[in-house]
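Biologist: I have a model to go through with you. Please set each term against its cut-off as we go.

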Protein chains: 2
Amino acid sequence: MFTNSTTDFNRALSLKQRKARQESGLFLAEGRKVVAEGLEAGCPCRAVYVREGFFGQHEETDALLSAANTLVLGEREFNRLADTEQPQGLIGVFEWSGLLCSSLTARFVPVLFDVADPRNLGNIVRSADWFGFSEIVVGETCVDPFNGKAVRSSMGSIFRTRFVLSDDLVASLTALKERYRIVVADLDGEDYRAFKTGATAAIVFSNEARGPSPEILALADAIATIPGAGRAESLSVATAAAVMFAALF
Amino acid sequence: MFTNSTTDFNRALSLKQRKARQESGLFLAEGRKVVAEGLEAGCPCRAVYVREGFFGQHEETDALLSAANTLVLGEREFNRLADTEQPQGLIGVFEWSGLLCSSLTARFVPVLFDVADPRNLGNIVRSADWFGFSEIVVGETCVDPFNGKAVRSSMGSIFRTRFVLSDDLVASLTALKERYRIVVADLDGEDYRAFKTGATAAIVFSNEARGPSPEILALADAIATIPGAGRAESLSVATAAAVMFAALF
């Protein structure tokens, strides 16, 4: 458990860096909804930092925090730890190891290749959760799913998702290919509406500027495309993922 | 046309504020792709500010800018005008009046109520453009579509869209109701997949936290819902809009 010591505060502060998150097994989750989802999901929580004067404004949140190890910070220190411009006043320190899974059991698995924008990644987690897809494979060149912006964009869905953090996505997909049909989202493929719902499939979404790599395309059993009117160059990767999730739901 | 004077630089700087955009009829568009789309769409451009040393790196952009009124800024001043942390080095000053339309001709019209996040608004513009929906009604409590973040999130699609900026969305919808079926996206309505493509419809998307107002719900001919697995509380409004656009495309 964290205490109100400077050492622990500095440890919490370090969790803004990916390396510190990886070494400590911890991450920060900011905001009322996200912290509540983490606590409700039973994700191990080392501390919830709250800003001076936070308590007494939201009965529900206060009740939820009564079982947590809450540590009060002055406004200046709180704002150093916060990642938003207008922080809501609470930041949880959670363990991420329970959010990983070593093998996949889901029928339909989103796979992320080279997704660089944390908001896109968090948004994909949120949409996947909405449509009931609870296991996600994250490739080694993606942004960290436990990045603060990704966690916030997931709106707490991160706590209901189980991640495979691949350190070699091509190898992971090669292994997956024994059990899953590998579908790669890209331009110039088959209309995604032609794909059957209910099939056992891993669907790869890639960085929207760079697209899938030749190695990943070589593993594809099919290429899925969202047809457009031909004016905009692309959809955001988070939008494309949600549109395909909706069709396969 | 803007010159390299301090007065004009300060005018450009003021365009970060909504009030100055409204009074001047101008807005800022930052980044290579967005500026290129603006110039290619023929949107009147008063100036393109470029960072010292910008030219000579991208032949295509250089060629495109040759017909524009380019003004070079030192790095420090450029960064004051930029809205991103790692600016690409060019910012256009465009006129927005040509991007408005006074009456609607489209068969299918997205209507935005109280959408507060500029990234969501820009993303909706981008997705609408992808699926070929070129007219959008923006309610008076929405964020300004010519906000810098909204423009960037649209990835240039803003220049291919025509906006009705309503100053009374309930009155606008009441008038639209004569020609359009009013469909409101909300929880607990009919499954959106039951709606026919090809119908003449205005579809209202609302702030994801607050939802549609009672006045707007009272105008609805139908409520459309995206069914979920029941775990995540909501989709982002940009995601919900794209999923419905895709189904109606």
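Biologist: What rotation superposes chain A on chain B?

Modeller: First, the ground rules. This is a predicted model: local features need pLDDT of at least 70, side-chain atom pairs count only at pLDDT 80 or more, and totals for chains, interfaces and linings use all residues. Residues are numbered from 1 along each chain as its sequence is written, and chains are lettered from A and ligands numbered from 1 in the order in which they are written. Now the rotation: 180°, with 0.0 Å of shift along its axis and an RMSD of 0.0 Å.

Biologist: Which residue of chain A comes closest to the rotation axis?

Modeller: A:Val243, with its C-alpha at 2.5 Å. The same surface serves both copies, as 100% of the contact residues of chain A recur in chain B.

Biologist: What makes a contact residue, and how many does each chain give?

Modeller: Two residues are in contact if their C-beta atoms, placed from the backbone, lie within 7 Å. By that test, 22 residues of chain A and 22 residues of chain B take part. On the chain A side, helix 6 (118-130) and helix 10 give two or more residues. Helices here are DSSP runs of H or I, at least four residues, and strands are runs of E, at least two, numbered from the N terminus.

Biologist: What makes a nonpolar core, and how many residues has the largest?

Modeller: A core is a set of buried Ala, Val, Leu, Ile, Met, Phe, Trp, Tyr and Cys residues joined through C-beta atoms within 7 Å. Buried means that 20 or more other C-beta atoms lie within 10 Å of the residue's own; 12 or fewer is exposed, and in between is partly exposed. The largest core has 159 residues. Among those with the most contacts inside it are A:Phe205, A:Val243 and B:Phe205. Helix 10 (residues 237-248) of chain A gives the most to this core, with 11 residues.

Biologist: Which residues of helix 8 of chain B are buried, and why are they said to line one face?

Modeller: B:Leu169, B:Ser172, B:Leu173 and B:Leu176 are buried. The buried residues pack against elements of chain B including strand 5 (108-113) and helix 9 (214-219).

Methods:
Copies are superposed by least squares on the C-alpha atoms of residues with pLDDT of at least 70 in both.
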